[in-house]
Amino acid sequence: MIGYLVAIATLVGIRALLTLGLNVQWGLTGLVNLGVVAFFAIGAYTSGLLAVSGVALPLAWTAALVASGVAGAALALAALRLREDYLAIVTLGFGEVLRLFLLNEAWLTRGANGITGIPRPLHAWFPAHYDLFYLGLVGLAVGTVYLLLERVSISPFGRVLRAIREDETVAAVAGKAVVRFKVQAFVIGAVVAGLAGVFFGHYLAYVEPNMFLPQETLFVWLALILGGSGNNRGAIVGAVLLLGLLEGSRFAKDLIPFLTGVRLAAAQQMLVGVLLVVLMIRRPEGLLPER
Amino acid sequence: MTNAAQYLFNGLVTGGILALPAVAFSVLWKLLRFPNFAVGAYLTIGAFAALAVNHGLGRGIEWAWLCALAVTGTVAWAVDRVVFHPMRDRRPFALAIASIGVTFFLENTVRFIWGNDYRSYDVPVTRALVWQGLRIGREQLMILGVTVLLVVLVQAFLGWTRLGVAMRATANNPLLARVKGLPTERIVGVATLGGGALAGGAGVFLGLDTTIDPLLGSGLIIAVFAAAILGGIGSAPGALLGALIVGVMEETSTLVIPPTYKSAVGFAIILAVLLVRPQGLAGGRP
Amino acid sequence: MGDEVGRLFQLEDAMSELTRRNLLKTAAAAGLIVGAPAVGRAQSKEPIAIGTLCPLTGAGGAYGPDMQKAIVAVVERINKGGGIQGRPIQLFHEDSQTSPEAAVRAARKLFDVNRVIAIMSTWASAVTLAVKPLAVEAKVFYFSVSGADAVTEGNHGGYIARTQPNTKLQGQVYAKWVLSRKEYKRVAYMALQTPFALPFGDNFMGTLKSGGVSITDNLIYEDKKPSYRSEITRVLATNPDLIMLEGYAPDSVVIAKELYRLSYKGAILGPAFSINAKFIEGAGAEVAEGIWAIDPAPSFDAPAYKQFAAAVPQADKNPYAPQSWDHVTLVGLALAAGRGEASGTAIKDNLRAVSNPPGTVVTSYEDGAKLLREGKKINYEGASGSCDFDAQGDILSRPFGVYQVRKGKIEQVSIVNP
């Protein structure tokens, strides 16, 4: 039982990072990023590819974060001249094109086979209970990122972001270089998502392109909406609730014998759909309101 | 060169299948002010409704198609009443997210009933006609013909009937329309019914051309977006033209880029359009 | 289902009234209560826990449900006969969702909560590769139907086995058959983008080239596209007399129909897991007429296959269900042959003793268990093949069957030896 809970907690932590990153982009600044999964993938693949080629892990991780940030900056600069609903499609497209790139350019990314044998950090130090150590590592990352983002949130920079979210025109009139701030916010979110990817890749010791489907982005959004966007604590809570929902229904099915196989899986997903709709109608601000 | 002409024709056919959902999506976006992702699910529902009639009741594909129109239109109307109606005053983003939830729900309802297996209609496969070296499939010609006819009907409806004109008025200025006493809710209901029906009919065409499974619609949704944006949000002829162009570009792209990147073409089109001429070809703006 | 929805609205109200801490506490408590292993079931003969991780949804969703049914059918028979050394098998089912991350969560639950000693029938190579290190670490025996080479590579201590031949071998065998048919001199390769498209293709085309056949086109296509007309137009323009179509059944149906429409007069060859009865149903007898298929499956006269088809008739068209049937039968026989505690290690230690020659050939669990009780050595020949494994867990090389669609039915024409 413990092993299972540790594994779930680790995945919750990784999802929490993704949600925190999206919170900076959407919750704080009002940017619609439907390509969260792309930065998740960039982080996982960059670190995985370098690590498997023998590069020292701290270097591989730094490279992964830089790659995510650069990609975020490039995408933001290209797309941020557009309006809310258009930005969504462009970021979605980026996510899909990146996945196709990972799938097709096998000479670089190992294609559909994926990268196996990604080394796990400090594995030799913890022959027993390695999973607990890894959970600790992820927990440390989540805690650090949370504290940093809280600082950002209450800083003057954060206030500008919120002003931009509320009314861009006013912020521009007030002399703020709106595009520059938006790009910075986007990059911060992208780097955090990349960090999540790094932990993901090293945890599973394996990455392949179909782990990074658009549906993953949707789940991050669901977590953020559930927990309360605009609120970092809400982001973490949302990640917990989301995995609780996904895993809870796994146990629920052991109690509902007449629903099996495909039916059960479909019912699970129908539930997600209903939840999303109900949330948007009844409580779009999520569980924890913004302070 | 015959080869180029063949690719062009292939593209027109692909575009023809995209056209109906693109028109529905585009017109509804203008009217309801948000991109309704559920159009993808309507494609799937239409295909399966026709399947039920074709396999279950043993009817021909024409009847099945008509039933698909009716069923999908009704489902779309019901979704609007239950989900979008309580959210009329919300921001577009919330509505878009809700429509994603609707897609999840509808797609998995189909999966719940029919499972994951792929199926085909009971329709004989015929050899393509050959004309001037060009291979033209009979079904493809029919699909193209019906599509153009429907788009013409839609445009006629919007341009010449009272309800259609009222719809355009509501789309252009909903507040004023309400003040002037137009029955906005009824207008939205009819539009949703019609849009859903169009998407359902296209789903049947897609099912004829490929195979039918719960993921049918989701593969098309990006191309539909691209077509609508290219054509200009709110314009039916624009959406048709956009769809044909997207179809042609996707098919001819296999000459220059690996076929595995076909999906990227749609996105590339979107990006190009938004950077160069955001209002699209027909100039509409949501 | 009404229960689920009701629970949903309760959760929704709870969210607005309870504080976050209370909610987390309640959820944790509920999770623990529901997830606690079946401690209360005190009985003299404790059941043996075995897990299934078939693709019930996702890309493999067309295959998973029947694979699971095949396993259930075998276990029911075993339990009816008194179980393994008197102990019944208890199955725990999870859905891999054809997603590595979901599969890892599911596998963790099977290992840590349900404490299964064997896990079977993951389908997608990506899923198998993701779960593999977990199984090896937990010393759980792992059977899969995945074909990617990496599945059995590396140091896994013998805890992995698979009943699907690896792609390198398959590519060579298909090419060998094509070469034996001297009439095909221009071959085009069309493959769906999957982990085996490249390794299979490379071996297939490489073997053909050294045999003097020219490869006119090599095209990989994407999944779930509304049309493949342009891909096909491109391939047809190179004038092949045989098209090797390496895809899954749904896209193969679409491509075959389009080839027919465009009056392609050459031959088509595909893997038998795609060119099957369901393919004929989807494409129609006229379109499917004359299409060739090759497969490592045995002839459908094999006794174990007949039992499988009788027990799980709806899975008859599923190319992986016979493998799942064999997975659980082999696990049962390996455990029956062992003397000590039932565990993944016991399965690993005894697998080849019951699956490989020498020994009396048996084709069902009942027959095998009976002989094992008498102290005899057995050799299980299964529904999916002779089920002989090498040290790395791959099935040993064995004949492939060549089939052709004739008048709406698949008929075996010949055999190719690798």
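Angles of 65 to 115 degrees between axes count as roughly perpendicular. All views below show a predicted model.

**View 1. Packing of helices H6 and H8 in chain B.** Helix H6 (residues 162-172) of chain B packs against helix H8 (residues 184-209) of chain B at an angle of about 105 degrees, and the two helices are therefore roughly perpendicular to each other. Their axes lie 10 Å apart. H6(B) contributes B:Leu163, B:Ala166, B:Met167 and B:Thr170, which meet B:Thr184, B:Ile187, B:Val190 and B:Ala191 of H8(B). By class, this contact consists of six nonpolar and two polar residues, with no charged ones.

**View 2. Confidence along chain B.** The mean pLDDT of chain B is 87, and 98% of the residues score at least 70. Within chain B, confidence is highest in helix H3 (residues 61-84), at a mean of 94, and lowest in helix H11 (residues 262-276), at 80.

**View 3. The parallel sheet of chain C.** Five strands of chain C form an open sheet with parallel pairing, in the order S2-S1-S3-S4-S5. Strand S1 (residues 48-54) of chain C pairs with S2(C) in the parallel sense over seven bridges; C:Gly51 has C:Phe92 in S2(C) as its bridge partner. Helix H3 (residues 64-80) of chain C lies across S1, S2 and strand S3 (118-122) of chain C, and runs at about 175 degrees to S2(C). Helix H14 (residues 344-355) of chain C also packs on the sheet, where it touches S3, strand S4 (141-144) and S5 of chain C. The direction of H14(C) makes about 60 degrees with that of S4(C).

**View 4. The mixed sheet of chain C.** Seven strands of chain C form an open sheet in the order S7-S6-S8-S9-S10-S13-S14, with mixed pairing. Strand S7 (214-221) and strand S14 (409-416) of chain C each have a single partner strand, so one side of each is left without a neighbour in the sheet. Strand S9 (residues 267-271) and strand S10 (residues 292-295) of chain C pair in the parallel sense over three bridges, and C:Pro271 has C:Ile294 in S10(C) as its bridge partner. Helix H7 (residues 197-210) of chain C packs on the sheet and touches strand S6 (186-192), S7 and strand S8 (242-246) of chain C. The direction of H7(C) makes about 175 degrees with that of S6(C).

**View 5. The contact between chains A and C.** Each chain supplies 40 residues to this contact. On the side of chain A, helix H1 (2-28), helix H11 (232-255) and helix H12 (261-282) each supply at least two residues, and H12(A) provides the largest share, nine residues. The side of chain A that touches chain C has 26 nonpolar, nine polar and five charged residues.

**View 6. The contact between chains C and B.** Chain C gives 31 residues to this contact and chain B gives 30 residues. Two or more residues on the side of chain C come from each of S7, helix H8 (229-237), helix H9 (249-261) and helix H11 (285-288) of chain C. H9(C) gives the most, with seven residues. The side of chain C that touches chain B has 13 nonpolar, nine polar and nine charged residues.

Terms used
Residues are numbered from 1 along each chain as its sequence is written. Chains are lettered from A and ligands numbered from 1 in the order in which they are written. This is a predicted model: local features need pLDDT of at least 70, side-chain atom pairs count only at pLDDT 80 or more; totals for chains, interfaces and linings use all residues. Axes are lines fitted to C-alpha atoms, for helices over the stretch in contact, and angles run from 0 to 180 degrees between N-to-C directions. Helices (H or I, at least four residues) and strands (E, at least two) are DSSP runs, numbered from the N terminus. Angles under 35 degrees count as roughly parallel, over 145 as roughly antiparallel, 65 to 115 as roughly perpendicular and the rest as oblique. Two residues are in contact if their C-beta atoms, placed from the backbone, lie within 7 Å. Ala, Val, Leu, Ile, Met, Phe, Trp, Tyr, Cys and Pro count as nonpolar, Asp, Glu, Lys and Arg as charged, and the others, Gly among them, as polar. pLDDT is the predictor's confidence in each residue, from 0 to 100. Two strands pair if DSSP finds at least two bridges between them.
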